[in-house]
Amino acid sequence: MSLRRFFEEHPDRRYIMFGGKGGLGKTTFSAATAYWLARQGHRVLVFSVDPQASLSDIFQRDIFGRGPVEIIPNLYAQEIDADQRIRAFQDEIREKIKSMYGLDECPEEIERYMQAAAGEPAMEESAIFDAVVDIVVSAEYDYYIYDLVPLGHALYYLSMGSIYDEWINKITRLREEMAEYAQVAAIMQRSRQTEEDQILLELQDIKRRINTSSSILTDRQKTGFFFVIIPEEMAILDTIKAASLFAKYDVPLCGYIVNRVIPASLADQAIPEYLRHRLEMQRGHLERIRREFGSDVLAEIPEFERDITGLPMIERMAEAMFGA
Ligand SMILES: Nc1ncnc2c1ncn2[C@@H]1O[C@H](COP(=O)(O)OP(=O)(O)OP(=O)(O)O)[C@@H](O)[C@H]1O
Ligand SMILES: [Mg+2]
């Protein structure tokens, strides 16, 4: 089995994710896969949900918060700006409150509440999640490549059920806090009916959106999730643990990609003792990986002589992953 064959044999798997510990090559593989698929003639979006996104670095383009940016024909990259998203969300609430209660200005107390809420980490995560939902339900691309955050955090995005709860709690809390403001409460008495209808509609909308995106994420027909691993003890142990956790969330695990493999052919050359030791160490770990994950190992990618940034390096990486 190879990565290329995987994509050839599963043309319906159009939501692609690379997961793994920090710094092992998720962004690199996301970008190279997106590049390869685009060169095959597919319309591809690679997008990042990471506040410390590095698609800008790898493509050497400033794409943060600019929506989908065309990198080469058919290849688009997007980095979500959570703050921008939160501001848009606040504007929306402000407008809703004004129109609901027929006010010219949003009450000062509510302004203050929204400022405080914007600082909550959960708010940022909700904003990013919301942006992701917008992207995946848009159906504008043949392929969606998720440049994921490191493992633990990625699980958060995958556990849609708990995010849904969080949303409901947040909205309930907002309602309760609003009720505390005497001024607003007085108006609410009069417009209780409309308000409850509004909230219900909002909840139904949220629920529908979350169901759509979470059903995509766990859809074995549509989604492919790959683990990135390197030939090192800790990485292997963590991956074994993570894989069983991901299986619990019904994430459609499709295989493993081993990154940063020192070319074995170096052993035939006159190389420093240091490098020989590292080669020997990797050989042991590679055997363990093959034993542990067997035919689920879809590719072994060499360690390049430099970082993977810029299109020529991305192209070399794509060749290493998918063949020339
Ligand atoms: N095979 C390779 N050869 C050389 N450098 C590599 C290779 N794979 C990745 N790199 C480099 O390693 C660094 C980390 O890779 P990358 O950013 O893709 O990891 P990540 O898993 O996305 O990290 P994070 O968890 O922080 O998002 C980058 O500088 C990248 O260019
Ligand atoms: Mg990354």
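Me: In which strand is the place of V258?

Reply: This is a predicted model. V258 has its place in strand β7.

Me: Why is V258 called buried?

Reply: Its relative accessible area is 0%. Buried means under 20%. The value for V258 falls under that cut-off, so V258 is buried.

Me: Where does V228 lie, and why does V228 count as buried?

Reply: V228 lies in strand β6, residues 223-229. Its relative accessibility is 0%. The cut-off for buried is under 20%, so V228 counts as buried.

Me: How far apart are V228 and V258 in sequence and in space?

Reply: They are 30 residues apart in sequence. In space, C-alpha to C-alpha, V228 and V258 are 6.1 Å apart.

Me: What about V258 and I230?

Reply: Here the separation is 28 residues in sequence and 5.2 Å between the C-alpha atoms.

Me: Now the loops. Why is Q60 called exposed?

Reply: Q60 has 54% relative accessibility. Exposed means over 50%. The value passes that limit, so Q60 counts as exposed. Q60 is found in the loop between α3 (55-59) and β3 (69-72).

Me: What is the phi of Q60?

Reply: Phi of Q60 is near 50°. That is a positive value in a residue other than glycine.

Me: Which loop holds N74, and what is its phi?

Reply: N74 is in the loop between β3 and β4 (75-79). Its phi is near 80°, again positive in a residue other than glycine.

Me: Why is N74 called partly exposed?

Reply: The relative accessible area of N74 is 27%. Buried needs under 20%, and exposed needs over 50%. The value for N74 lies in between, so N74 is partly exposed.

Me: How far is N74 from Y35?

Reply: Their C-alpha atoms are separated by 8.8 Å. Along the chain, N74 and Y35 are 39 residues apart.

Me: Why does S244 count as partly exposed?

Reply: S244 is at 45% relative accessibility. S244 is found in helix α10, residues 233-248.

Me: What makes S244 and K241 a polar contact?

Reply: A polar atom of the S244 side chain lies 2.9 Å from the backbone oxygen of K241. A polar contact needs a pair of N or O atoms within 3.5 Å. The distance of 2.9 Å meets that limit.

Me: On to ligand 1. How do you know that T27 makes a polar contact with ligand 1?

Reply: An N or O atom in the T27 side chain is 2.8 Å from an oxygen atom of ligand 1.

Me: How many residues surround ligand 1, and where does ligand 1 sit?

Reply: There are 18 residues around ligand 1, and K26, T27, T28, R260 and I308 are the closest. Ligand 1 sits in the second largest pocket.

Me: Which element gives the most to the shell around ligand 1?

Reply: That is α2, with three residues. Both α2 (26-39) and β7 (253-261) supply at least two residues each. By class, the shell has six nonpolar, six polar and six charged residues.

How values were computed: Residues numbered from 1 in each chain as written. Chains lettered and ligands numbered in written order. Predicted model: local features only at pLDDT ≥ 70, side-chain atom pairs only at ≥ 80, totals over all residues. Heavy atoms only, no water. Near = heavy atom within 4 Å. Polar contact = N/O pair within 3.5 Å; in protein donor to acceptor, adjacent residues only side chain to side chain. 1 Å grid on protein atoms, 1.4 Å probe; cavity = no way out; pocket = protein on both sides within 12 Å on 5 of 7 lines; lining within 4 Å. Sits in = over half its atoms within 2 Å of the grid points. Helix = DSSP H or I, 4+ residues; strand = E, 2+ residues; numbered from the N terminus. Nonpolar A, V, L, I, M, F, W, Y, C, P; charged D, E, K, R; others polar. Buried < 20%, exposed > 50% of the residue type's maximum accessible area, 1.4 Å probe, protein only.
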